[in-house]
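Work through the exercises below with the structure open. Each task is followed by a solution in steps.

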Amino acid sequence: MAFLILRRLVQTALILFGVAAITFLLLYALPADPARMIAGRSATAQTVANIRHELGLDQPLLSQFWNYLMGLTEGNLGRSYAQKTDVGALIAARLPATLILMAAGIFVEVALGLILGVIAAVRRGGPVDRLVMMASFVGVSAPQFVAALLLLYVFAVTLAWFPMSGFGTFAHVVLPATTLGILGAGWYARMVRSAMIDVLNQDYVRTARAKGLSSARIVFRHALPNALLPIIAMIGIDIGQFMSGVVVVEAVYGWPGIGQLAWQAIQQVDIPIIMGVTLVSALAIVIGNLVADLIAPLIDPRIRAR
Amino acid sequence: MFKRWLRHSTIAMALALTPLPAFAQDAIKQGGDVVITYKDDIATLDPAVGYDWVNWSMIKSLYSRLMDYTPGTPDLIPSLAESFTVSPDGLTYTFKLRKGVKFTNGRELVASDVKYSIERAIDPKTQGPGAGFFGAIKGFDAVSGGTSATLEGIATPDDSTVIFTLSRPDATFLHVLAINFASVVPKEAVEAAAGDFGKKPVGSGTFVLKEWTVGQRLVFERNPDYFVKDMPHIDKFTVEVGQEPLVALLRLQKGEVDIAGDGVPPAKFLEIKNSPEGAEIIVDGAQLHTGYITLNTKVAPFDNVKVRQALNMAINKERITRILNGRATAANQPLPPLMPGYDKAFTGYAFDVEKAKALLAEAGFPDGFETILYSTNTDPQPRIAQAIQQDLAAIGVKAEVRALAQANVIAAGGTEGEAPMIWSGGMAWIADFPDPSNFYGPILGCSGAVQGGWNWSWYCNKELDARAIAADSMSDPAKAAERQAEWGKIFTDIMADAPWIPVTNERRVVAKSPRMGGDGDIYVDPTRVINYDAIFVKDE
């Protein structure tokens, strides 16, 4: 176990370095000039040159990258060009909202996905199965902004059960989490269904049936745990995805998460923020996968044995 | 030797102190708590740095400057200055400060604060975009070049006197002292904030920042010590950021929001406008804005003046104003109608497809040509670019539309020989201050026709440049009308060379709840967009 963690730490460092290098190079390949964007329309050439110099943009690309990496090793993500403040602080300020929405969104999608997936698998081929699969197909294909606006209109504007926008109370998180949950649940339902069908056809399940176990016990004690592995891996991926921000849902519900920050930074060519958000979400994906890898053996002893 | 400007220091002050007759239909009520929404987070409230249309109006209200404008108008008035004099050669400006003005940290504002604040705005370390505005002050180059920290051209003989010495006459200098970059800040607060002044602002304006929760809200409270009595009118305003314009509008209709700062999304405009409360919700106001198409004079065939003139006749501007839901009027010259110097009599190039075709044939392109039209990619700009594309097709010009992110269009425009045509929508020129010269230098003058510049036509007419410099040297207020007329002439003369196709003058739209009082001009103030000092809540 210790070896696995150590290996993962080395891998994480390498992945982050790779992500940093690629993002950095891509951003500098853009035709847009950050100094120009900050300077605005009325600036003289001298002003632009001054800003470029102060930001270190007049240095060779490699030394800029080196300085950035050196900052990173001290935990310094740099200063935002447009907001003139620490990127670390900006991201930290938005972390709670992002984490809450991530947890709530994953909870809803996994809960919905498990329930629907298991039902569909048990009733395979029947009308319930077909209904669930159709619903999940709609969920998987619906654009986020359509679903978000629809829910907002029905539950916040017309019925006024929830606030339209903002952050702070439990009521605020319901609609954004439900939006993410409904859309994500489709994937989970399909995955749970196929994994369950696979497991339910195995010999040990037939044996369990032959022993006369109740079908509830067969499904929940014997089949489901074995079908959970891909789900856990998928949660690991979702953690990373939600951490990098769910821009559309955040925008519709005025949710102050990382996605908003990133979107605005991209518009302003605020490279330090874009870099910071990219690195934080890369880190989240790595951690999410690591957690999934660590949980998997707890559920499936076969992996532990390996 | 000094000439006193009694007119400005007395009559104008009296105007600033009394409620304006322009919005007298509702009685102005003191008090009230207002909620305002914006889509984007507020970047910074540092007056030396902030330069977008959202933080512009907040910075205006957090700080004060020597000069300001009468709310809702482009008329200059003294603000921190009690009075001022200009020397006959236009090179020396002497300001007497009001007594007893305090920063919101409690310290009295003195002359050296004015000097410090302007030096700070120019200092390259500040990375401020507005440094160039102060270029006429003596010693500017040394501070801007980083070789000196103090500006030779500002003297403070005592705590209430500031004397500016200019290296060249600058008729726009009073406007320069009214822009945000000239806001007065206390040095100790800037230093205490350790580089984070933009998030911890201290000024002497109408409001104080009480709370800033990044990504969520900013709370501004009335400054009880503000030096103009009965200003501002509201007690408090909360800015909620990250609010999608469509949702903000729904919240406004439910009464949760008082002002939707981003206005009405184009798709919703007619529905709201035609709704029963539409007239009360939508306020639109003229701004110092012109939307235009640049014709790159360094790219063939736009190096041919006849081609540029022909294209000027080919664009159906009325149709474009319809795409903008009628929130615009057709333009025929670079200056917007609200700008001093605008020539009402000028007609420009009328829309005439046949004449355009004939002129194009005369220029040697009877079958038209192929070119590229750049545009930003946010609605409704690509739709307008398509309308322009269709208009051009009617005279045989095949234009490929390239809709890109704003930063990329700006970069293409500022690269020599890159973008043949650019539709300016979404990045169009809105004046920094209400003076015609502000529409020339960066966007039509030789100084802007450089790598990274904003003169995307790459138009450089040395003779007009000389006339522009001459006009800006006429700083004697007695010659203001003559100067204005000369500027107007410069812009109509530019149209003979047709480096632009002036297309529209857009009005800005803000949505407000029916309980908000005051007329449109203070919600779309020509110098600051929403004028937080002047808006008020009606009796309910």
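**Exercise 1.** Determine the hand of the crossing between α9(A) and α10(A), its geometry, and the residues that form the contact.

*Solution.* Helices (H or I, at least four residues) are DSSP runs, numbered from the N terminus.

Step 1: The axes of α9 (residues 203–211) and α10 (residues 215–227) of chain A come within 11 Å and cross at roughly 150 degrees. Axes are lines fitted to C-alpha atoms over the stretch in contact, and angles run from 0 to 180 degrees between N-to-C directions.

Step 2: α9(A) and α10(A) are therefore roughly antiparallel (angles over 145 degrees).

Step 3: α9(A) contributes Tyr204(A), Val205(A), Ala208(A) and Arg209(A) to the contact, and α10(A) contributes Ile218(A), His222(A) and Ala223(A). Residues are in contact if their C-beta atoms, placed from the backbone, lie within 7 Å.

Step 4: By class, five of these residues are nonpolar, one is polar and one is charged. Ala, Val, Leu, Ile, Met, Phe, Trp, Tyr, Cys and Pro count as nonpolar, Asp, Glu, Lys and Arg as charged, and the others, Gly among them, as polar.

The model is predicted: local features need pLDDT of at least 70 and side-chain atom pairs count only at pLDDT 80 or more, while totals for chains, interfaces and linings use all residues. Residues are numbered from 1 along each chain as its sequence is written, and chains are lettered from A and ligands numbered from 1 in the order in which they are written.

**Exercise 2.** Describe the side of chain B that touches chain A.

*Solution.* Step 1: Chain B gives 40 residues to the contact and chain A gives 39.

Step 1: On the chain B side, α7 (245–254) and α14 (406–413) are the elements that give two or more residues.

Step 2: α14(B) gives the most, with five residues.

Step 3: The classes on this side are 17 nonpolar, 14 polar and nine charged residues.

**Exercise 3.** Which residues of chain B does Phe134(B) contact, leaving aside neighbours within four places in sequence?

*Solution.* Phe134(B) is in contact with Ile118(B), Ala121(B), Ile122(B), Phe140(B) and Val176(B).

**Exercise 4.** Summarise the make-up of chain A.

*Solution.* Step 1: Chain A has 15 helices and zero strands.

Step 1: Its C-alpha trace spans about 85 × 55 × 30 Å along the principal axes.

Step 2: Among contacts in chain A between residues at least 6 apart in sequence, 71% join residues at least 24 apart.

Key:
Angles under 35 degrees count as roughly parallel, over 145 as roughly antiparallel, 65 to 115 as roughly perpendicular and the rest as oblique. A crossing is left-handed if the near helix is turned anticlockwise from the far one by less than a right angle, and right-handed if clockwise. Two residues are in contact if their C-beta atoms, placed from the backbone, lie within 7 Å.
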